[in-house]
Amino acid sequence: MKTLRSIFRRKVRSTLTIFGIAIGIFALVVMGSMAEKLNKLVGGGLEYYGTRITVQDAKSGMSFFGGTPIAVSKIDEIKKIPGVKSAYASVEILKDEISSGVNFGMPPMIAGYDPASFKDDPAGSIKVASGRDIQAGDIKKAVLGSDMVKKLNVVVGDQIDLRGTKFEVVGIYDKTFSAPDSYIMVNLPDAQELMLESLPTAFRPSVKKENLATSISVLVKGGYNASEVTKQINDKVKDVKALDPEEFKKQVANSVAIFNLIILASALIALVVGSFSIINTMIMSVAERIREIGIKKAIGASNFRVLREFVLEAAVMGLIGGLIGLAFGWLTVEIVNYFTAASGQIIFLTTSRLAIGSVIFATVLGAVSGLYPAWYAARLNPIEALRSE
Amino acid sequence: MSEVIVETKDLHKYYELGKENMVKALQGVSLQIKKGEFIAIIGPSGSGKSTLMHIFGALDSPTEGQVWLDGEEISKKKISGLYKIRGRKVGFIFQGFNLIPTMTALENVMLAVEYSGRKANAKREAAEILTEVGLEKRLGHKPSELSGGEQQRVAIARALVNKPTIVLADEPTGELDTQTSLEIIRLLKDLNEKEGQTFVIVTHNPEVANVCSRIIHLRDGKIEN
Ligand SMILES: Nc1ncnc2c1ncn2[C@@H]1O[C@H](COP(=O)(O)OP(=O)(O)O)[C@@H](O)[C@H]1O
Ligand SMILES: [Mg+2]
């Protein structure tokens with residue numbers, strides 16, 4: 001209470017200072033929420049892609065999606081490599097041939113697997129929230145990732161249009177906060193058919209539909225090293241390119257780290273400005289209260305006590321600024337999410353560690369900024385302080 | 001029974017204002033103040049009265065000489081290390097009241113209790129002493145809402161709340177009218193008689209000096225007799 005009254009003795013000045021901090025924390029919360037969403041997305045993606053070796057056609061580009069089709073017949077060769085637990089064809093193509101607008105995170109994908117072989121895959125264990133999963137023998141049936149429900153505005157039983165073909169929605173998956181949320185699962189033959197239609201016309205007669213896949217997913221037996229198995233596949237199977245999940249993890253971790261760093265740095269710049277503003281305010285506040293400091297010392301305040309009072313004041317300013325910044329940041333994030341959720345795109349995720357962390361950070365920043373002015377106040381000679389004014 | 005509360009030996013205090021220019025505020029002051037005394041220090045402006053009080057009260061240190069307060073030599077110690085003595089053994093009353101403007105009467109007094117480390121009882125003790133100086137109806141008032149005499153009563157309450165061994169008042173009536181001055185001095189004298197605390201009062205007011213048991217005359221930083 002006393003601290004608050006001291007702070008608001010100069011209402012305009014303190015309010016401006018607090019808003020300086022609030023803006024910094026606002027930036028930190030909003031940008032941080034974006035980073036947290038991405039981290040979660042990538043974390044989920046690592047689980048999804050990071051546990052298996054993806055085998056593509058040797059002529060395929062670096063891209064994970066699309067590119068030159070791989071022959072399903074390669075599966076038999078791959079299965080002979082020691083350490084391979086299972087291998088199965090997967091078709092993953094973009095839902096829309098040309099992706100519309102700016103996409104954050106994963107674009108909607110059509111994914112086709114053979115339900116029987118997919119069961120072995122950790123990614124195949126996603127629970128169904130309503131309806132049922134794809135089953136062997138399904139024709140023109142689809143199960144939607146949770147983000148797709150809003151995006152396509154459908155419920156179980158509705159028809160959806162996938163590249164000109166009608167599919168019936170038979171189920172909806174639980175939310176995973178990662179890549180599968182933007183997937184539309186169909187049976188492998190259906191996906192192969194859609195893929196065939198997407199190939200250049202000149203190419204079509206030369207391929208058999210049943211032999212089409214965008215990639216072959218390889219699961220590694222326990223006790224075998226994924227990188228080692230990848231190397232073996234590349235060495236022994238012709239015309240394929242196996243991608244090491246460890247490499248993938250490393251690449252992703254690097255780009256995420258850079259993104260996080262950029263966000264952190266920009267928020268820090270905002271906060272350094274806020275911190276200077278606190279230092280300035282506290283110096284002015286000490287200068288105005290020199291006599292008061294003298295009185296306090298004369299009636300028994302220790303230097304430490306004086307230091308503590310001023311540091312506390314600065315910390316409380318940081319805390320208030322942090323709370324305001326958090327409130328506005330969180331509100332902004334919720335509002336933006338509310339509007340973008342309609343199109344199935346959630347951009348921000350305010351985690352509790354981000355919320356708590358940014359408020360603590362603001363408080364500590366305030367305290368640290370107040371340290372020098374407080375130290376100056378604490379060291380004042382009591383007689384000279386009493387004599388001032 | 002006449003226990004010595006303050007003793008000084010050959011106190012000197014110099015202020016250096018430049019290379020050649022030195023102010024000798026105190027030049028060899030030796031005195032003893034006993035428990036329960038009610039002493040006036042009088043002397044012309046600039047004679048060193050405030051300087052002497054500050055040294056008694058562990059607020060300032062002498063350039064030379066020794067000071068004992070309640071049996072402890074304080075002249076060798078750093079001022080910053082003497083806060084406990086200032087908080088518990090000394091009560092200061094200033095001419096300009098020196099209350100903290102943003103705090104109520106009660107809070108101003110409570111602050112002194114808190115600084116002496118007895119946070120739990122601060123409110124009760126502060127209210128009690130304010131009642132004793134006749135301000136039971138003014139507890140929640142800020143200094144700006146109080147008259148000069150009332151402000152000085154708050155300052156007296158603050159000086160006395162920790163039951164100090166010595167109360168040092170530097171021209172406590174300097175900013176008050178004659179009538180109020182007399183009331184304040186009577187209050188101090190009452191407290192002195194009731195609690196047996198030691199009072200040292202710097203004053204220009206002969207009426208004040210009249211009620212004191214002893215008068216110390218100071219001139220040019222020396223005791224004059
Ligand atoms: N901090 C200081 N710097 C320089 N001179 C000082 C300082 N404090 C006091 N003095 C000088 O010391 C002398 C005694 O001052 P003071 O004790 O305040 O006198 P009094 O209280 O009797 O009026 C005066 O000449 C004053 O100008
Ligand atoms: Mg004086």
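In this predicted model, H5(B) passes H6(B) in a right-handed crossing. Helix H6 of chain B covers residues 178-195, and the pair packs at an angle of about 20 degrees with axes 10 Å apart. Since angles under 35 degrees count as roughly parallel, H5(B) is therefore roughly parallel to H6(B).

**The H5(B)–H6(B) contact**

- On the H5(B) side, the contact uses Gly149(B), Gln152(B), Arg153(B), Ile156(B) and Leu160(B).
- Facing them from H6(B) are Thr180(B), Glu183(B), Ile184(B), Leu187(B), Leu188(B) and Leu191(B).
- Sorted by class, the residues of this contact are six nonpolar, three polar and two charged.

**H5(B) and its other partner, H3(B)**

- Helix H5 of chain B (residues 148-160) also meets helix H3 of chain B (residues 105-115); their axes come within 8 Å and cross at roughly 25 degrees.
- That angle is why H3(B) is described as roughly parallel to H5(B).
- The crossing of H3(B) and H5(B) is right-handed.
- Five of the residues in the contact of H3(B) with H5(B) are nonpolar, one is polar and one is charged.

**A helix pair in chain A**

- Over in chain A, helix H8 (residues 245-288) packs against helix H11 (residues 352-378) at an angle of about 35 degrees, with the axes 9 Å apart.
- H8(A) and H11(A) make a right-handed crossing.
- H8(A) brings Leu268(A), Leu271(A), Ser275(A), Ile278(A), Ile279(A), Met282(A), Ile283(A) and Val286(A) to the contact.
- H11(A) answers with Phe361(A), Leu365(A), Gly366(A), Ser369(A), Gly370(A), Tyr372(A), Pro373(A), Tyr376(A) and Ala377(A).
- What is the class make-up of the contact of H8(A) with H11(A)? It has 13 nonpolar and four polar residues, and no charged ones.

**The largest pocket**

- If you are looking for open space, the largest pocket has a volume of about 670 Å³.
- Its lining takes in 28 residues, and those nearest the centre are Arg387(A), Ser50(B), Thr51(B), His54(B) and Asp170(B).
- Three elements each give at least two residues to the lining of the largest pocket: helix H12 (382-387) of chain A, and strand S2 (22-34) and helix H1 (49-56) of chain B.
- The lining of the largest pocket divides into six nonpolar, 13 polar and nine charged residues.

**Cavities**

- How many cavities of 30 Å³ or more does the structure hold? There are six of them.
- The second largest cavity has a volume of about 120 Å³.
- Helix H4 (115-118) and strand S9 (183-187) of chain A are the elements that give two or more residues to the lining of the second largest cavity.
- By class, the lining of the second largest cavity has seven nonpolar residues, one polar and two charged.

How values were computed
Residues are numbered from 1 along each chain as its sequence is written. Chains are lettered from A and ligands numbered from 1 in the order in which they are written. This is a predicted model: local features need pLDDT of at least 70, side-chain atom pairs count only at pLDDT 80 or more; totals for chains, interfaces and linings use all residues. Side-chain values use heavy atoms; hydrogens and water are left out. Axes are lines fitted to C-alpha atoms, for helices over the stretch in contact, and angles run from 0 to 180 degrees between N-to-C directions. Helices (H or I, at least four residues) and strands (E, at least two) are DSSP runs, numbered from the N terminus. Angles under 35 degrees count as roughly parallel, over 145 as roughly antiparallel, 65 to 115 as roughly perpendicular and the rest as oblique. A crossing is left-handed if the near helix is turned anticlockwise from the far one by less than a right angle, and right-handed if clockwise. Ala, Val, Leu, Ile, Met, Phe, Trp, Tyr, Cys and Pro count as nonpolar, Asp, Glu, Lys and Arg as charged, and the others, Gly among them, as polar. On a 1 Å grid over the protein atoms alone, a cavity is a set of points where a 1.4 Å probe fits but cannot get out, and a pocket is an open set with protein on both sides within 12 Å along at least five of seven lines; lining residues have an atom within 4 Å of a point. Grid points are joined across faces, edges and corners, and a volume is the space filled by probe spheres set on the points. Contact means heavy atoms within 4.5 Å.
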